[in-house]
Amino acid sequence: MTGLLVLALVLVAAAAAGLVLRARSGAVRATTPSDSGSDARRALLAEAGVAGAGPAVLHFSADWCGPCAAVRRVIGQVLETLDGELDPGTTRAVEIEVDIDENPALAAELGVLSLPTTFIFDAAGAQRYRVSGVPTAGDLRAALLPLCGPGDSHQPENG
């Protein structure tokens, strides 16, 4: 009898954990704007192409990652749509894809534990958002739009 009770509790706990993880998957979560951190972190991000002329969407992928193809499609679609909507002279976001197998140091520095994982950085190279899983086009667009603009418009929409 005790064994069945323990089994039932374990199943309930596993189901609850699964629901929590599923709810977070693909959610664009705002992070506290910070500078790019240590010199090592700044160097790794600069090597990847972050902190260039505009906001950057950095996503980690691998050849063996199935959902990473969906992330590529969503990011490509959103950036293409934004390019068509933004006024001339407006800062454009860039896409940076990093293979986790070829860049484990950057993945470790950013705390990437699973694929796909996507980060959104503002033009100054500060991390603004993090996504675990495949983001929706609407959420990704809402996160990027306030970062694309003339001058220093780097205020997050959902702070």
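Reader: In this predicted model, are Arg128 and Asp122 buried or exposed, and how should I read the contact of Arg128 with Asp122?

Author: The general idea is that a residue counts as buried when its relative accessible area is under 20%, and by that reading Arg128 is buried, as is Asp122. In this structure, which is a predicted model, Arg128 and Asp122 form a salt bridge in which the closest N and O atoms are 3.3 Å apart.

Reader: Which residue lies 24 residues along the chain from Asp122, and how far apart are the C-alpha atoms?

Author: That residue is Pro146, whose C-alpha atom is separated from that of Asp122 by 9.6 Å. Pro146 belongs to the segment after helix H5, which spans 137-144, and Pro146 counts as buried because its relative accessibility is 18%, with the cut-off for that class set at under 20%.

Reader: How many salt bridges does the structure hold, and which residue forms one with Glu97?

Author: A salt bridge is read from the separation of a side-chain nitrogen of Lys or Arg and a carboxyl oxygen of Asp or Glu, which has to be within 4 Å. The structure holds five salt bridges, and one of them joins Glu97 to Arg72, with 2.7 Å between the closest N and O atoms. This pair links distant parts of the chain, given that Glu97 sits in strand E3 (residues 94-99) and Arg72 in helix H3 (residues 67-85), 25 residues apart.

Reader: What does the salt bridge of Arg141 with Glu85 tie together?

Author: The closest N and O atoms of Arg141 and Glu85 are 2.5 Å apart. Because Arg141 lies in helix H5 and Glu85 in helix H3, the pair ties together parts that are 56 residues apart in sequence. Arg141 is partly exposed, with a relative accessible area of 29%, and Glu85 is partly exposed as well, with a value of 41%.

Reader: Turning to the strands, why can strand E5 be described as largely enclosed by the rest of the structure?

Author: One reads this from the burial of its residues: five of the six residues of strand E5 (residues 127-132) are buried, so the strand is largely enclosed by the rest of the structure.

Reader: Which strands pair with E5, and in what sense do they run?

Author: Strand pairing is read from the bridges between strands, and here strand E1 (residues 28-30) runs antiparallel to E5, joined by three bridges, with Arg29 having Arg130 as its bridge partner in E5. Strand E4 (residues 117-121) also pairs with E5 in the antiparallel sense, over five bridges, and in that pairing Ile120 has Tyr129 as its partner in E5. The hairpin of E4 and E5 has five residues between the strands, and in this hairpin Gly125 takes a positive phi near 90°.

Reader: How should I place these details within the whole chain, and in what order do its elements run?

Author: The protein chain contains five helices and five strands, and from the N terminus on they run α-β-α-β-α-β-α-β-β-α. Buried residues make up 38% of its 159 residues, and among contacts with a separation of 6 or more, 73% are between residues 24 or more positions apart. The accessible surface comes to about 8600 Å², with 59% of that belonging to carbon and sulfur atoms.

Terms used:
Residues are numbered from 1 along each chain as its sequence is written. This is a predicted model: local features need pLDDT of at least 70, side-chain atom pairs count only at pLDDT 80 or more; totals for chains, interfaces and linings use all residues. Side-chain values use heavy atoms; hydrogens and water are left out. Helices (H or I, at least four residues) and strands (E, at least two) are DSSP runs, numbered from the N terminus. Buried means under 20% relative accessible area, exposed over 50%, partly exposed in between (1.4 Å probe, protein chains only). Contact means heavy atoms within 4.5 Å. Accessible areas come from the Shrake-Rupley method with a 1.4 Å probe; for residues, only the protein chains shown count as cover. Two strands pair if DSSP finds at least two bridges between them.
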